[in-house]
Amino acid sequence: MLSSTVVCLACGSDKVIPPPSGGFNGQIEVRYASDITPEVQSAVTSAAARWTRALSKNMGDFPLNSAANHCFVGEPQLSETHHNLLLFVTVTPIDGLNGQLAYTQICSVSDRDTLPVLSHIRLDRADLDSMVARGVLDDVLMHEMGHALGFVPTSYMPKALTAGGTDDPRFVGAVAQSEFAKHGAWYTGARVPLENSAGVGPRDPHWRFTVFGDELMVPVVGPGFKSPLSSITLGLFQDLGYTVDFSQADPYEVVPLFGDNRVVPETSLRNDVVRTKAPTFVSPVAAY
Ligand SMILES: [Zn+2]
């Protein structure tokens, strides 16, 4: 199923964005809650279509009722029943040139499976031209959409899918572990290693850069990176509860960035899952 896209230019926070006529039956519905550019719209549409080909789940229909700005600044008032994930995308100033390029917020999750049903991705307007010029906008949006779909502690921590402390956090989902073993047999540590540079243990929702190297869900993206969507990341999403089409995985091998081969990260996506308030839990209106 393809995602639908509803473009809302300069939507004010006091305006209600109506649900699309005819309802929504796809996996991800994207709505814009700020001015956007054609480049952003193209990259968002492409990323949503890619993730929709890779993941599917009938999560249910969720009553979304919230005041404007409830979860993020610029969020419209919501009063609708929505099927699967509603994803808002905004382009606004964050912190000026460089620094944080983008971030994701999880606003609501299903109380059935802790998967997100309302998420928000914000791109830093100051970095937009640079991201386009450096050719990383598509990768940044694919990465953030991975968070928006559930590669976040809010979704995986309640499922007891992690282990380890701040030095050696890891994702212990069976499918991700199995896929990692196929591609990283050289790695003798406990798998699957999560990023350990932020000191937050398993709550850092990225693969460990020093082990994975160039992969979509490491906290680094930059020119020359291919940011492949690996079968390990798809395995994580199967562990989370999605049905996964592994034929959508990109070619990937776990290649560590050691010694002379180490790439100096040019662009960081660290700390790009922002939690300004606890996500609300929403029950589907019918059993699924
Ligand atoms: Zn990230």
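# A guided tour of the chain

The chain has seven helices and 12 strands. The model you have open is predicted. Show the whole chain to begin. Of its 288 residues, 47% are buried. Now consider contacts between residues at least 6 apart in sequence: 70% of them join residues at least 24 apart.

**Stop 1: the core.** Select Leu 87 and Met 145. The largest nonpolar core holds 74 residues, and these two touch the most other members. This core draws at least three residues from each of domain 1 (4–152 + 273–282) and domain 2 (158–261).

Stay on Met 145. Which residues does Met 145 touch, leaving aside those up to four places away in sequence? Select Ala 47, Ala 48, Trp 51 and Ile 121 to see them.

**Stop 2: two helices.** Select residues 38–54, which form helix 1, and residues 137–149, which form helix 3. They pack at an angle of about 50°, and their axes are 9 Å apart. That angle makes helix 1 oblique to helix 3. The crossing is right-handed.

Next, show the side chains at the contact. On helix 1, pick Glu 39, Ala 43, Val 44, Ser 46, Ala 47, Ala 48, Arg 50 and Trp 51. On helix 3, pick Leu 137, Asp 138, Leu 141, Met 142, Met 145 and Leu 149. Look at the spacing as you go. An α-helix has 3.6 residues a turn, so residues three or four places apart point the same way.

**Stop 3: a covered helix.** Select residues 231–240. This is helix 7, and it is mostly covered: nine of its 10 residues are buried. Which ones are buried in helix 7? They are Ser 231, Ile 232, Thr 233, Leu 234, Gly 235, Leu 236, Phe 237, Asp 239 and Leu 240. Step just past the helix to Gly 241, where phi is positive, about 125°.

**Stop 4: backbone details in loops.** Select Asn 69. It lies in the loop between strand 4 (61–66) and strand 5 (78–83). Is Asn 69 buried or partly exposed? It is partly exposed, because 13 other C-beta atoms lie within 10 Å, and a buried residue needs 20 or more.

Move to Asn 98, in the loop between strand 6 (85–92) and strand 7 (102–110). Phi of Asn 98 is near 65°, again positive in a non-glycine residue. Asn 98 is partly exposed, with 13 other C-beta atoms within 10 Å.

**Last stop: a cis bond.** Select Arg 191 and Val 192. The peptide bond from Arg 191 to Val 192 is cis, with omega near 10°. Val 192 sits in the loop between helix 5 (174–183) and helix 6 (209–212).

Methods: Residues are numbered from 1 along each chain as its sequence is written. This is a predicted model: local features need pLDDT of at least 70, side-chain atom pairs count only at pLDDT 80 or more; totals for chains, interfaces and linings use all residues. A nonpolar core is a set of buried Ala, Val, Leu, Ile, Met, Phe, Trp, Tyr and Cys residues joined through C-beta atoms within 7 Å. A residue is buried if 20 or more other C-beta atoms lie within 10 Å of its own, exposed if 12 or fewer, and partly exposed in between; C-beta atoms are placed from the backbone. Domain bounds come from an automatic or database domain assignment. Two residues are in contact if their C-beta atoms, placed from the backbone, lie within 7 Å. Axes are lines fitted to C-alpha atoms, for helices over the stretch in contact, and angles run from 0 to 180 degrees between N-to-C directions. Helices (H or I, at least four residues) and strands (E, at least two) are DSSP runs, numbered from the N terminus. Angles under 35 degrees count as roughly parallel, over 145 as roughly antiparallel, 65 to 115 as roughly perpendicular and the rest as oblique. A crossing is left-handed if the near helix is turned anticlockwise from the far one by less than a right angle, and right-handed if clockwise.
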